[in-house]
Amino acid sequence: MIAIVDYDVGNLKNVYTALGDVGLEGTITRDKKVLDQADAIILPGVGAFSDAMDNLTKFDLVETLDRNVKKGKILLGICLGMQLLFDQSYEDGEFSGLSYIPGEIVKFNAPNIKIPHMGWNNLIINRESSLVKNIGNDDYVYFVHSYYAKPNDFNDVIAYAEYSVRVPGIVQKDNVIGMQFHPEKSSQVGLQLLKNFKEMIR
Amino acid sequence: MLTKRIIPCLDVDHGRVVKGKKFLDIQDVADPVELGRYYSEQGADELVFYDITASYEDRDIFIHIVEKVAEAIRIPFTIGGGISKVEDFRKVLMAGADKVSVNSAAVKNPQLIKEAALRFGAQCVVLSIDAKRNNSGSWDVYVKGGRENTGIDAIEWAKQGQALGAGEICINSIDTDGVKKGYDLELNQKLSRLLTIPIIASGGAGKMDDFAEVLKIGADAALAASVFHYKEIPIADLKNYLYDQQIPVRRV
């Protein structure tokens with residue numbers, strides 16, 4: 001069972017539905033016991049960084065996430081959920097994140113690009129990982145975000161997309177994984193990534 | 001490289017997809033869920049579903065169809081039509097939509113854009129503008145399905161929408177809609193240059209080159225309905241055509 005963390009940050013059903021496509025059973029929950037029992041945890045999220053952190057704190061979920069990450073359980077952050085994995089964000093202020101991956105979240109800053117970075121962009125593999133099995137540089141995924149991750153060590157980036165800068169698309173530090181794009185909205189490529197995620201859990 | 005998006009638009013009336021010419025002469029076309037799934041498999045980058053009667057009959061939004069679409073497809077989709085308050089945004093987002101398009105209600109109450117962007121994020125707020133050329137060389141904003149001229153300047157309204165927090169602008173040209181002689185290039189080019197958020201061009205696609213033209217002059221996405229519904233332009237062929245024109249596209 002995969003726990004999809006329910007902390008009032010938008011619709012979680014699409015993630016749940018996509019897990020079903022690859023034969024994974026999801027549970028949308030904020031029950032700490034369920035999170036402790038889960039085979040893996042997914043942290044989804046849309047909206048603003050500070051609101052999301054406030055909600056994780058309000059529902060008293062930070063400690064539970066810390067404990068499970070320390071145990072070695074796989075945690076997958078999607079979109080804003082991935083940004084929360086880093087140390088801090090500069091979205092409308094300066095806010096602390098979960099600090100599972102060293103680095104920060106910054107705004108796109110280039111004169112000739114549209115913001116948000118919205119649409120299908122291709123993933124460029126930065127380093128090998130079972131997460132990108134059967135994924136090549138011509139595979140497109142759906143992004144929508146105005147801030148991006150700047151990891152201290154670019155080696156934590158499995159795959160990135162080009163958008164004025166190298167935008168980390170998939171990050172991984174040990175058992176903590178992040179996807180900046182929406183795998184649940186990325187058609188066949190998204191399903192392949194979720195299949196790869198499933199293989200890692202076993 | 002970020003690709004240009006091709007977006008089939010499905011106008012839904014009483015649970016069926018329809019397509020009118022200049023918003024009139026509506027003809028029945030198909031089931032929205034089946035058509036959505038078909039386009040998704042053909043390589044559409046996103047879908048838009050408009051509840052075309054909702055804005056003037058004050059009908060509740062077609063939440064059930066939204067839920068069925070979310071179960072059936074794995075690409076992003078936008079819901080529009082009859083969205084008038086923040087609660088409407090919440091309902092369709094919780095039913096599985098990725099974005100919400102707002103039109104007449106935002107003209108009436110521009111703060112709706114700001115409130116929705118703050119609550120759900122700018123990425124899901126699409127400001128849809130129905131624009132028509134006037135005699136003084138600019139464009140007026142129309143509401144209520146293109147039946148009422150507000151006298152508001154479309155370019156200024158688009159800029160204001162961006163400032164209020166819209167994540168994207170869908171610009172529908174009433175002059176070219178359903179005529180199939182190409183998008184309003186001048187309007188799309190002006191907006192693409194002025195705005196920093198993505199622009200979706202809408203209204204007028206008749207042949208593959210119409211898509212190429214509007215994407216080349218700066219639109220980030222091109223929306224069309226009848227050329228797809230009547231299978232005049234298969235999406236896969238269109239993507240190959242655009243690719244040959246050096247326009248970045250995602251091909252499946």
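A salt bridge is taken here as a side-chain nitrogen of Lys or Arg within 4 Å of a carboxyl oxygen of Asp or Glu. In this predicted model, B:Arg74 meets that criterion with A:Asp21, since the closest N and O atoms of the pair are 2.5 Å apart. Between chain A and chain B the count is three salt bridges, alongside 15 residue pairs in polar contact, both residues of each pair being at pLDDT 80 or more.

On the chain A side of this contact, helix H1 (13-21), strand E8 (117-122), strand E10 (140-145) and strand E12 (157-163) each contribute at least two residues, and E8(A) gives the most, with six residues. Taken as a whole, the contact draws 29 residues from chain A and 35 residues from chain B, and the area buried between the two chains is about 2400 Å², with carbon and sulfur atoms giving 53% of it. Of the area that chain A buries against chain B, 31% is supplied by A:Lys114, A:Met118 and A:Trp120, more than by any other three residues.

Within chain A, an unreviewed UniProt entry lists residues 4-197 under "domain: Glutamine amidotransferase"; the end C-alpha atoms of this span lie 14 Å apart, and the span is 25% helix and 35% strand. For "active site", the unreviewed UniProt entry lists A:Cys79, A:His182 and A:Glu184. These residues span 106 residues in sequence, yet no two of their C-alpha atoms are more than 10.8 Å apart, so they gather at one spot.

A:Cys79 sits in the loop between strand E4 (74-78) and helix H5 (80-83) of chain A, and with a relative accessible area of 6% it is buried. A:His182, placed in the loop between strand E14 (176-179) and helix H6 (187-201) of chain A, is likewise buried, at 10%. Leaving aside neighbours within four places in sequence, A:Cys79 is in contact with A:His182 itself, and its other partners include A:Gly45, A:Val144 and A:Met179. A:His182, counted in the same way, touches A:Val46, A:Ile78, A:Cys79, A:Tyr142 and A:Val144.

Definitions and conventions. Residues numbered from 1 in each chain as written. Chains lettered and ligands numbered in written order. Predicted model: local features only at pLDDT ≥ 70, side-chain atom pairs only at ≥ 80, totals over all residues. Heavy atoms only, no water. UniProt positions renumbered as here; feature names shortened; annotations may be inferred. Helix = DSSP H or I, 4+ residues; strand = E, 2+ residues; numbered from the N terminus. Buried < 20%, exposed > 50% of the residue type's maximum accessible area, 1.4 Å probe, protein only. Contact = heavy atoms within 4.5 Å. Buried area = accessible area lost by both parts, 1.4 Å probe. Polar contact = N/O pair within 3.5 Å; in protein donor to acceptor, adjacent residues only side chain to side chain.
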